[in-house]
Amino acid sequence: MLFDTHAHLDDTAFDADRTELIESLPGKGISLMMNPGCNLSSSEAAVQLAETYDFIYAAVGSHPDDAHSVNEALIDRYRQLILAHPKVKAVGEIGLDYHYEDNPREIQQHAFRLQMELARELDLPVIIHEREAHEDGLRIIDEFPEVHGVFHCYSGSAEMAKELVRRGYYVGFTGVLTFKNARRAVEAASAVPLDRIVLETDCPFMSPEPFRGKRNDPGRIYRMAERLAEIRGMGVEEIQHITLENGKKLYRM
């Protein structure tokens, strides 16, 4: 059985066939799925999916692209969603993204801190998106040593991954593991202790080979398990079991 620890089934890419797709997933070996929010509306949609399907859980939070919307009123709304819905298991996805430089870094950092404070207050794990912001990302998580979680869609070095593990975090790997030019991802997946690895599709994005360029969905998480098994020289079923249990521990299920 498999745990897709990061999937955006609330995305508009699934509007045409969302129900049919979700109902097909248990038959494809998907026993658990985490759907994080990226802003208020997607967080509310994630909660609704979690309330509708037994095997789906939710996280609420604002992605760095939505950092300008994060204020005390929004934090209070996220607090209300968390307290009202036991299937909300994390704050996320939150973090920093400096790739396009279209959202001021100071605003992103402020939003990140507010949401880390919420996770600390409610004793929840966090789902962190960090892109080209390694130094600031580490600095901010070090301000919240009580908070742990996962760095999803990991794209950094093996050395950085080891630093995250040392701080108590999990590392999430996507379909990038299957790409021919994925040297850094493979190096990191080789270096991270097995009990700190989780697998994710990040769908509808990051579709693995041989589906690259097509809409991704949780039914393709098996490709990440197959590739990780190759990298670590292990059986696929063993990798599936380990990463399933890791995801359950991460989200305290």
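This briefing describes the strands, helices and selected residues of one structure. The model is a predicted one, and its sheet is open, with eight strands in the order β1-β2-β3-β4-β5-β6-β7-β8 and with parallel pairing.

- Strands of a sheet pair through backbone hydrogen bonds, and the pairing can be either parallel or antiparallel; in the eight-stranded open sheet described here, the pairing is parallel.
- The edges of the sheet are taken by β1 (2-4) and β8 (197-199), each of which has a single partner strand, so one side of each is left without a neighbour in the sheet.
- On average, and with direction ignored, neighbouring strands of this sheet are turned by 25 degrees against each other.

- Strand β3, which covers residues 56-60, has five of its five residues buried, so the strand is largely enclosed by the rest of the structure.
- In a regular strand the side chains alternate between the two faces of the sheet.
- In β3, Ile-56, Ala-58 and Val-60 point one way while Tyr-57 and Ala-59 point the other way, and all of these residues are buried.
- Strand β2 (residues 30-36) pairs with β3 in the parallel sense over four bridges, and within this pairing Pro-36 stands opposite Ala-59 of β3, while Met-33 stands opposite Ile-56 of β3.
- β3 is also joined to strand β4 (residues 88-97) by three bridges, the two strands running parallel, and the bridge partner that Ala-58 has in β4 is Val-88.

- β4 and β5 run parallel and are joined by six bridges, with Gly-92 standing opposite Ile-127 of β5.
- Ile-127 also has a bridge partner in β6, namely Val-150; strand β6 covers residues 149-151 and pairs with β5 in the parallel sense over three bridges.
- The chain crosses from β5 to β6 through α5, and this β-α-β crossover is right-handed; a right-handed β-α-β unit is likewise made by β4, α4 and β5.

**Helices α4 and α5**

- Two packed helices are described by the angle between their axes and the distance between the axes.
- For helix α4 (residues 105-122) and helix α5 (residues 134-142), the axes come within 10 Å and cross at roughly 30 degrees, which makes α4 roughly parallel to α5.
- The crossing in which α4 passes α5 is right-handed, and the residues that meet are Gln-109, Phe-112, Arg-113 and Met-116 on the α4 side and Asp-136, Gly-137, Arg-139, Ile-140 and Ile-141 on the α5 side.

**Helices α7 and α8**

- The axes of helix α7 (residues 183-191) and helix α8 (residues 221-232) come within 10 Å and cross at roughly 70 degrees, and the two helices are therefore roughly perpendicular to each other.
- α7 passes α8 in a right-handed crossing, and the contact is made by Val-186, Ala-189 and Ser-190 of α7 together with Arg-227, Leu-228, Ile-231 and Arg-232 of α8.

- When residues up to four places away in sequence are not counted, Gln-115 touches Gly-61, Ser-62, Val-70, Ile-75, Tyr-78, Val-91 and Ile-94.
- Leaving aside neighbours within four places in sequence, Ser-207 is in contact with Phe-179, Arg-212, Lys-214, Arg-215, Asn-216 and Arg-220.
- Ser-207 and His-6 are 201 residues apart along the chain, and their C-alpha atoms are separated by 13 Å.

Terms used: Residues numbered from 1 in each chain as written. Predicted model: local features only at pLDDT ≥ 70, side-chain atom pairs only at ≥ 80, totals over all residues. Heavy atoms only, no water. Buried < 20%, exposed > 50% of the residue type's maximum accessible area, 1.4 Å probe, protein only. Pairing = 2+ DSSP bridges. Axes fitted to C-alpha atoms, helices over the stretch in contact; angles between N-to-C directions. Parallel < 35°, antiparallel > 145°, perpendicular 65-115°, else oblique. Left-handed = near helix turned anticlockwise from the far one by under 90°. Contact = heavy atoms within 4.5 Å. Right-handed = clockwise from strand over helix to strand, strands pointing away.
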